[in-house]
Amino acid sequence: MKTIIDQSMVLALAFGEAEHLSRQVVGSADILVAQERYIVPILGRELTDALIEGKYSELVEEYVAPALAFAVRLVIQPAINLRLGDSGLVAPRGEAMESPDAAATRGLLRSLKVRTRELLKRLSAFVEQNEGQFAEYDSKCNIFNRCSIDGGVVQIL
């Protein structure tokens with residue numbers, strides 16, 4: 001599976017230094033799912049494929065990687081919060097820590113959604129303003145040019 005970024009980049013960009021996670025927490029399939037769900041609807045298949053092949057490294061580093069990393073975290077965070085073991089579904093709990101309540105978990109997911117959405121909008125605005133630099137980009141593919149949700153209001157353009 002070819003993806004624009006790898007597990008180590010997701011961990012570096014979307015998780016803080018105090019959040020100690022192994023590289024195995026983020027799978028290649030998780031990155032692929034986030035890439036297909038969040039990046040392709042903005043950039044289109046052709047430009048996404050060009051990025052996978054290594055073109056436009058500055059676009060990837062400055063705009064795509066941060067947005068994709070947070071999209072991956074948004075996808076996997078519920079699975080990080082819970083684990084499946086021999087005893088079924090369990091919440092992780094350490095000696096000096098305890099599992100958060102439902103409100104704290106919802107708050108974290110809301111925060112991740114806001115950060116991911118703003119990074120995706122930033123990516124969209126950049127490629128729109130600089131579309132001449134990216135031969136594979138077609139602005140008709142960009143979902144933000146057709147639909148937007150701002151402040152809870154759905155706007156179909």
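Helices, as named in these legends, are DSSP runs of H or I with at least four residues, numbered from the N terminus. The model shown in every view is a predicted one.

**View 1. Helix H2 and the bend at Gly-44.** Helix H2 spans residues 28-52 and thus comprises 25 residues, yet its end C-alpha atoms lie only 13 Å apart, short of the 36 Å that a straight helix would reach at 1.5 Å a residue. At Gly-44 the helix bends by about 110°. Beyond H2 comes Gly-54, which has a positive phi, near 105°.

**View 2. Tyr-56 in the loop between H2 and H3.** Most residues other than glycine have a negative phi. Tyr-56, although a residue other than glycine, has a positive phi, near 60°. Neighbours within four places in sequence being left aside, Tyr-56 contacts Leu-47, Ala-50 and Leu-51, and also Gln-133, Phe-134, Ala-135 and Glu-136.

**View 3. The packing of H2 with H4.** The axes of H2 and H4 are 10 Å apart, and the two helices pack at an angle of about 20°. Angles under 35 degrees count as roughly parallel, and H2 is therefore roughly parallel to H4. The crossing by which H2 passes H4 is right-handed.

**View 4. The crossing of H3 with H4.** Helix H3 (residues 57-81) and helix H4 (residues 102-129) have axes that come within 9 Å and cross at roughly 155°. Angles over 145 degrees count as roughly antiparallel, and H3 and H4 are therefore roughly antiparallel to each other. H3 passes H4 in a crossing that is left-handed. The contact of H3 with H4 draws on 17 nonpolar, four polar and five charged residues.

**View 5. Helix H1 where it crosses H3.** Helix H1, formed by residues 7-14, has an axis that comes within 8 Å of the axis of H3, and the two axes cross at roughly 90°. Angles of 65 to 115 degrees count as roughly perpendicular, which makes H1 roughly perpendicular to H3. H1 contributes Met-9, Val-10, Leu-13 and Ala-14 to the contact, while H3 contributes Ala-65, Pro-66, Ala-69, Phe-70, Val-72 and Arg-73. By class, the residues of the contact of H1 with H3 divide into nine nonpolar, no polar and one charged.

Terms used. Residues numbered from 1 in each chain as written. Predicted model: local features only at pLDDT ≥ 70, side-chain atom pairs only at ≥ 80, totals over all residues. Heavy atoms only, no water. Axes fitted to C-alpha atoms, helices over the stretch in contact; angles between N-to-C directions. Left-handed = near helix turned anticlockwise from the far one by under 90°. Nonpolar A, V, L, I, M, F, W, Y, C, P; charged D, E, K, R; others polar. Contact = heavy atoms within 4.5 Å. Expected span 1.5 Å × (residues − 1). Bend = angle between axes of the 7 residues up to and from the residue.
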